[in-house]
Amino acid sequence: GHLAETPIDSVHSSVVSLRGARLLAFMGELNDLKIWSTDVGNAYLETCTKEKVHIIAGPEIGDHEGHVLVTSKALCGLHSSGLRWSKHLADVLREMGFFTSKCEKDIWMHDKGCHCEHIAACADDLMIASKDPEPIVKMLMEKHHFKLKGTGPTKFHLGCDFFHDEEGVLCCAPKKHIEKILENCCRICGAWPSKPAASPLTAGDHPELGASEPLNENDQKTCQSLIGALQWALQIGHFDIQTAVMTLS
């Protein structure tokens, strides 16, 4: 994809906001709708590319060596693939009777009379709110030939766990995401953290006042990666670490 010419027109493709996905989940919960999630496998290959891309076949192609092979599908990595998939999904949802919300164009709505179905689209990740999501999933698979995976009641979506507490209240929290952060720390530091901590900073620590030697390039990237992971945990619900993460940043 990096060898393809940079397009002059916009190839921006929006996604649903985290706030929009949360609102959809809790609105569905309050209206007794089923909240499902699904992931479209090989989504970009469901649509055609806009760029004219070709390769000269090598010996691994066998009898076709030396032939010009033209790419027709929106391969991941091409400049316009995200937009091409977004437009294709929009065409499919419109054909199914959905229209975009005035609040967010990546939240789709369908008036069923007794209730309103919603689909929140974040690239190839879909969150569905409906009295009966199965017909929607069935149509996407059978009529439009989408290869859906992980389809069912929402338990994990956009890096966030969805669950009901002991009182039956729908909650969201970055549990699995934090487990992955701990696994990365274990891999980097060579040991599992000795005890749980409520904050990335120890009490009384002020890294902005530190006088230690600057990190080398590799350690800088590691530090930035870990801070980025903490920032995403903050975005998806761990609000209490905001000051600590800002200080580390």
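Q: Is His110 buried or exposed?
A: His110 is buried, at a relative accessible area of 17%. The cut-off for buried is under 20%. Bear in mind that this is a predicted model.

Q: Which element is His110 in?
A: His110 belongs to strand S5.

Q: And what is His110 in contact with, leaving aside neighbours within four places in sequence?
A: Met96, Gly97, Phe98 and Phe99 on the one hand, and His115, Cys116 and Glu117 on the other.

Q: What is S5 joined to by two bridges?
A: Strand S4 is joined to S5 (residues 107-111) by two bridges, and the two run antiparallel. Within that pairing, Thr100 has Trp108 as its bridge partner in S5.

Q: What order do the strands take in that open sheet?
A: The order is S4-S5-S6-S7-S1-S8, six strands in an open sheet with antiparallel pairing.

Q: Which strands stand at the edges there?
A: S4 (99-100) and S8 do. Each has a single partner strand, so one side of each is left without a neighbour in the sheet.

Q: What about the open sheet of three strands, what order is that?
A: S9-S10-S11, with antiparallel pairing. Strand S9 (156-157) and strand S11 (170-173) are the edges; each has a single partner strand, so one side of each lacks a neighbour in the sheet.

Q: How many bridges join S9 to S10?
A: Two bridges join S9 to S10 (residues 160-164), and these strands run antiparallel. Phe156 is opposite Asp161 in S10.

Q: Switching to helices. Which residues of H3 are buried?
A: Ile136, Val137 and Leu140 are buried in H3, which covers residues 134-142. Viewed down the axis of H3, the buried residues fall within an arc of 95°, so they line one face of the helix.

Q: What do the buried residues of H3 pack against?
A: They pack against strands S1 (34-41), S6 (116-122), S7 (125-130) and S8 (147-153), and also against helix H2 (81-95).

Q: Now H5. What should its span be, at 1.5 Å a residue?
A: The 19 residues of H5 (residues 217-235) should span 27 Å. The end C-alpha atoms of H5 are 27 Å apart, which agrees with that.

Q: Which H5 residues are buried?
A: Ile227, Ala229, Leu230, Ala233 and Leu234. Down the axis of H5 the buried residues fall within an arc of 150°, so they line one face of the helix.

Q: What packs against that face, and what is on the face turned away?
A: The buried residues of H5 pack against helix H4 (175-189) and helix H6 (242-248). The face turned away carries the exposed residues Glu217, Asn218 and Gln224.

Q: What caps the N-terminal end of H5?
A: Asn216 does, with a side-chain oxygen 3.2 Å from the backbone nitrogen of Asn218. Just after H5, Gly237 takes a positive phi of about 135°.

Q: Salt bridges: how many?
A: The count is six. One of them pairs Glu217 with Lys221, at 3.7 Å, N to O. Glu217 and Lys221 are four residues apart in H5, which means about one helical turn separates them. Glu217 is exposed, with a relative accessible area of 55%.

Q: Which parts of the chain does the Glu46 and Lys147 pair link?
A: Glu46 and Lys147 form a salt bridge at 3.5 Å, N to O. The pair links distant parts of the chain, 101 residues apart: Glu46 is in the loop between S1 and S2, while Lys147 is in strand S8. Glu46 is buried, at 14% relative accessible area.

Q: And what does Lys50 form a salt bridge with?
A: Asp9, where the closest N and O atoms are 2.9 Å apart. That pair also links distant parts of the chain: Lys50 is in strand S2 (residues 48-56) and Asp9 is in the segment before helix H1 (18-30), 41 residues apart. Asp9 counts as partly exposed, at 40% relative accessibility.

Q: Last one. Where does Ser212 lie?
A: Ser212 is in the loop between H4 and H5. Ser212 counts as exposed, at 65% relative accessibility. From Ser212 to Trp85 the C-alpha to C-alpha distance is 48 Å, and they are 127 residues apart in sequence.

Definitions and conventions
Residues are numbered from 1 along each chain as its sequence is written. This is a predicted model: local features need pLDDT of at least 70, side-chain atom pairs count only at pLDDT 80 or more; totals for chains, interfaces and linings use all residues. Side-chain values use heavy atoms; hydrogens and water are left out. The expected span of a helix is 1.5 Å times one less than its number of residues. Buried means under 20% relative accessible area, exposed over 50%, partly exposed in between (1.4 Å probe, protein chains only). The arc is that of the directions from the helix axis to the C-beta atoms. Contact means heavy atoms within 4.5 Å. A polar contact is a pair of N or O atoms within 3.5 Å; within protein, one must be able to donate a hydrogen and the other to accept it, and residues adjacent in sequence count only if both atoms are side-chain atoms. A salt bridge is a side-chain nitrogen of Lys or Arg within 4 Å of a carboxyl oxygen of Asp or Glu. Two strands pair if DSSP finds at least two bridges between them.
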